[in-house]
Amino acid sequence: MNSNDKKVLEVKNLTVTYESEGSVVEAVNGINLDLTARKTVGLVGETGAGKTTTALSLLGLVQKPQGHVKNGKIIINGKNILEMTEKELENIRGKEIAMIFQDPMTALNPVMTVGDQIAESIVKHEKVKYEEAFAKASELLETVGIDKARAKEYPHQFSGGMRQRVVIAIALACRPGILIADEPTTALDVTIQAQVLDMMKKLKDEYETSMIMITHDLGVVAEICDEVAVMYAGHILEYGVLEDIFNRTKHPYTEGLFNSIPDINDDKIRLVPIDGGMPDPSNLPKGCVFHPRCPYADEKCKTEKPELKNISETHQVACIAYDRPGFSLGRSNS
Amino acid sequence: MIRYIIRRMLWVIPTVLVVSFLVYVAMDLTPGDPANAVLGDVATDEQYNQVREEMGLNDPIVVRYFRYVVNAVQGDLGTTLYGKRSVWDEVMSRLPYTIYLTLASIVVAVIFSLPLGILAGIRQNTWIDTLASVFSFVGMAIPNFWLGILLIMAFSVHLGWLPSMGVHGFKSIILPAITVGTGLTASLTRTVRAAMLDVIRQDYLRTARAKGLSNRVVILKHALKNAMIPIVTIIGTNMAGLLAGAMVTETVFSWPGIGYLTIKSVLGGDYNLVTGCIIITAVLMSLILLLIDVIYGFVDPRIKAQYVEGR
């Protein structure tokens, strides 16, 4: 292993629950995730799969008193953040690990200028004077494609795409080693999505940042990710490099995601949505969490919980159907 | 912004005209004859008619009102019925005391309600939240005259620490300010709590935390400023109400403010003084409400932008 393959983030057996009035929601169930320096890992899944909760736990921002990180380790640059004090956490947030939030319309404080909101992070982590931080913030705005003179303006004076650029500038303010992007383009117009995505890609390379890209858009994944984790009901069902997931799809759920995308070259193919909906997270099915919606499920799937197993050097899948002789997915046959 | 303020100032004029007309007519309709009040019961009809003519009471009400307005614009609100002092001077001599009491009560309210409301909001459903709720309910339920008398009994009669009436230095303001401030603290605590609860769930607080800011900065800088609009509203409307005179409290403590003066003039049937008190109060209220709107603009840039657009 050379120094370029250094792991900047390791998540081991992470379990997060939300508890209220007797009901326990298992948002994240023992997931493992590794992030190598300068790589981008995609975290893919439907709404409610536990992607955002995973992201928030990486920053130690799971909201108490309802939210609890039950188990596991989150190791950032060699330190387990679950053992850190609040003070230590404050020092790494925004500095070593930063987050880009989903909805730019609500992620910015409406009564502070955008320049102030960026400068705040710089003042906190780089111990510089406010004027210097504000000047840096203005430069950053320029970097994300906004005229630096607009640093004194308020969020309501910007469009959605512009605001998302500001949110990105806040996250990048102190050049964090790890960037978590939580559906950064979901709330934007399609034309703006591509612009913002291109910019993020460029800045990520320039700043040598590692990234976790949370999305439900497989197009975004193909565009930007090196590795992909497919998440469902708080579990990772399939994990691999981009080619593994796209070309050597192994999990029935991943197949279902691909079948739900329209094919631009063939308008005769009918879309095949995945039957049913996400299970109730406070009452997850026994056995494989996906079995009620899985076209390949048999009796065994209802009782036996699949482990994430290596099927190649880079590719892992959690599906016991592969214990059956000769099993393969419909997609891999075509 | 300045154009907006000027435009709002101009709106004060019709407001005050309407208020003054209503008050003038209402005073005319109240039983009792000013001429009689001046002369007493022993006057002859001749004297009576002469006084009515001197006071202009024989003219139709519209003429009298018009004359009143023309004089009022020149700063002449007439004279008091008893002693023939200028109404304007009389009210203005009381105004500082009312402002003093108003500001003192608001200071009391802000000092207690801001920390209590913030804590109740960020620690929802804990003992401090319960404490704040209980205090708010009790504080709002207690009538001022009762609280005032209770405080006088405790601190003036039994302990002898503080004066019970009049103005004798700083000590005198303490009991009236607490009396008025308690109800204000109670309602303000609830407002602050509700505003904090609303703001604390917003995404931008999570953004602030993700930057590595401490909880204190997140609450006091990011959350509080966003919670200011409802807080300013409650402080402002209460301030306007208090400037109209905390009549009950001023009476209980014989506090020489506008409220006490209004009560006395109503009881004495001093129609010029009542009208003057209410008109000056109306002007003050309009100005305070304008001030609140201007403060909104400083608290929230989105509102300021509307002012500028809406020229």
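**Exercise 1. Identify the residues that ring pairs link into a cluster in chain B of this predicted model, and characterise the pair Phe21(B) and Tyr65(B).**

*Solution.* 
Step 1. The cluster consists of Phe21(B), Tyr24(B), Tyr65(B) and Tyr68(B), joined by ring pairs.

Step 2. A pair of aromatic rings is described by the distance of the centres and the angle of the planes.

Step 3. For Phe21(B) and Tyr65(B), the centres lie 5.0 Å apart and the planes stand at 80°. Planes over 60 degrees apart count as edge-to-face, so the pair of Phe21(B) and Tyr65(B) is assigned to that class.

Step 4. Phe21(B) belongs to helix H1 (residues 2-29) of chain B and Tyr65(B) to helix H4 (residues 61-73) of chain B; the pair therefore ties together parts 44 residues apart in sequence.

Step 5. Buried means under 20% relative accessible area. With 12%, Tyr65(B) is therefore buried, whereas Phe21(B), with 37%, is partly exposed.

**Exercise 2. State how many aromatic pairs are counted over all chains, and describe the pair formed by Phe246(A) and Phe258(A).**

*Solution.* 
Step 1. The count over all chains comes to 13 aromatic pairs.

Step 2. Phe246(A) and Phe258(A) form an edge-to-face pair, with 5.0 Å from centre to centre and 75° between the planes.

Step 3. Because Phe246(A) lies in helix H8 (residues 242-247) of chain A and Phe258(A) in helix H9 (residues 252-259) of chain A, this pair ties together parts that are 12 residues apart in sequence.

Step 4. The relative accessibility of Phe258(A) is 10%, so Phe258(A) counts as buried.

**Exercise 3. Determine over which rings the charged ends of Arg150(A) and Arg175(A) sit.**

*Solution.* 
Step 1. Arg150(A) places its charged end over the ring of Phe158(A), at 4.1 Å from the ring centre.

Step 2. For Arg175(A), the ring is that of Tyr207(A), and the distance from its centre is 4.0 Å.

Key: Residues are numbered from 1 along each chain as its sequence is written. Chains are lettered from A and ligands numbered from 1 in the order in which they are written. This is a predicted model: local features need pLDDT of at least 70, side-chain atom pairs count only at pLDDT 80 or more; totals for chains, interfaces and linings use all residues. Side-chain values use heavy atoms; hydrogens and water are left out. Rings of Phe, Tyr and Trp (its six-membered ring) pair if their centres lie within 6.5 Å; planes under 30 degrees apart count as stacked, over 60 as edge-to-face and the rest as tilted. Helices (H or I, at least four residues) and strands (E, at least two) are DSSP runs, numbered from the N terminus. Buried means under 20% relative accessible area, exposed over 50%, partly exposed in between (1.4 Å probe, protein chains only). A charge sits over a ring if NZ of Lys or CZ of Arg is within 6 Å of the ring centre and within 35 degrees of the ring normal.
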